[in-house]
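Colleague: Could you take me through one part of this model in some detail? I would like to start with a pair of helices.

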Amino acid sequence: MDERQLRILRELGELGSVTAVADALLVTPSAISQQLRLLQRAIPVPLTERQGRRLVLTDAGQALAGAAVEVETALARARHTVEEFVGQPGGEVSVAAFHSAGTALFPLLLRSLAGPGRPVPRLADEDVPQEDFPRLTREYDIVLAHRLEHAPPWPDTVAATTLLREPLDVAMPADHPLTAKRRVTPRDVADEPWITVHDGFPVLAVIEAVAAAAGRRLHLAHRINEFTVVAEVVAAGGGIALMPRWTMRRHPALVLRPLSGVRAHRHIDALYRPERTARSAVRTVLTELRRAARDIQNREAPTG
């Protein structure tokens, strides 16, 4: 039993013939008859009977047709409620981000959405391996994820909007000899102790590319995911590290130098399930995230 079958039964009670119902619903009489047969299979008593050349409703059919009116009314009310929800400019929108993206984008997002009638962001931090970001779209409306430029695209189960294509620079203490260079190569940095991320996180692939380009294994002295902690360890002389150019606050004791000879960029993408963007509020948050990303890129300071 479904909504369409109940509507056909209701129309039959009012119009009195299969042909008239077919004309009203713009389908063939055989399609109407087939739906009536399917409905009858679900009901233990006859719903229709012949009176001469007319097909009329039995008492049970009339009772069910009356209930069909209530069903259609409830469904219409439900659709209207959903339409109001989808079109509502406000409402909560959940956004998750890995740490450096959250540090850079969350404050800008909150400021841009301040005021009545605007979406209300519900923010969360999620620092996960790259392959786990798409699964987070089950829990959040929007997930800010990162992947390396040459990494495989995100799976078709999610939609993706690229917010930033961000360079990854080599961070070193301000008194390091390599600060005399405008750019550094893999050979320049191959003998340095490195601070890098745990396995499964995108930045590690760039470290591996540096080792391959230099033709030697790198000394991975420390494994730290959080860039603010990495910055402090670099400043204290614990080694050098790859750091995002735009989404991290400048550390006064560090200098960043671009890396030549390897592809050292990451994409910061907004991932979401396509059906979530049916909501006006989700679309508004995506628009503000794109605007915030442009602001971050436009205020880029010179490296070093």
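Is the crossing of α5 and α9 left-handed or right-handed?

Modeller: Happy to! This is a predicted model, where local features need pLDDT of at least 70 and side-chain atom pairs 80 or more, while totals for chains, interfaces and linings use all residues. Residues are numbered from 1 along each chain, and side-chain values use heavy atoms, without hydrogens or water.

The crossing of α5 and α9 is right-handed (near helix turned clockwise from the far one by less than a right angle). Helix α5 spans residues 99-112 and helix α9 residues 280-298 (DSSP runs of H or I, at least four residues). Their axes are 9 Å apart and meet at about 125° (lines fitted to C-alpha atoms over the stretch in contact, angles from 0 to 180 degrees between N-to-C directions).

On the α5 side, A104, L105, L108, L109 and S112 make the contact (heavy atoms within 4.5 Å). Facing them from α9 are V285, E288, L289, A292, A293 and I296.

For another spot, look at H176, in the loop between β6 and α6. H176 counts as buried because its relative accessibility is 13% (under 20%, 1.4 Å probe, protein chains only). The H176 side chain reaches the backbone nitrogen of L178 at 3.0 Å. Leaving out residues up to four places away in sequence, H176 touches E192 and I240.

Conventions
Helix = DSSP H or I, 4+ residues; strand = E, 2+ residues; numbered from the N terminus. Buried < 20%, exposed > 50% of the residue type's maximum accessible area, 1.4 Å probe, protein only. Polar contact = N/O pair within 3.5 Å; in protein donor to acceptor, adjacent residues only side chain to side chain.
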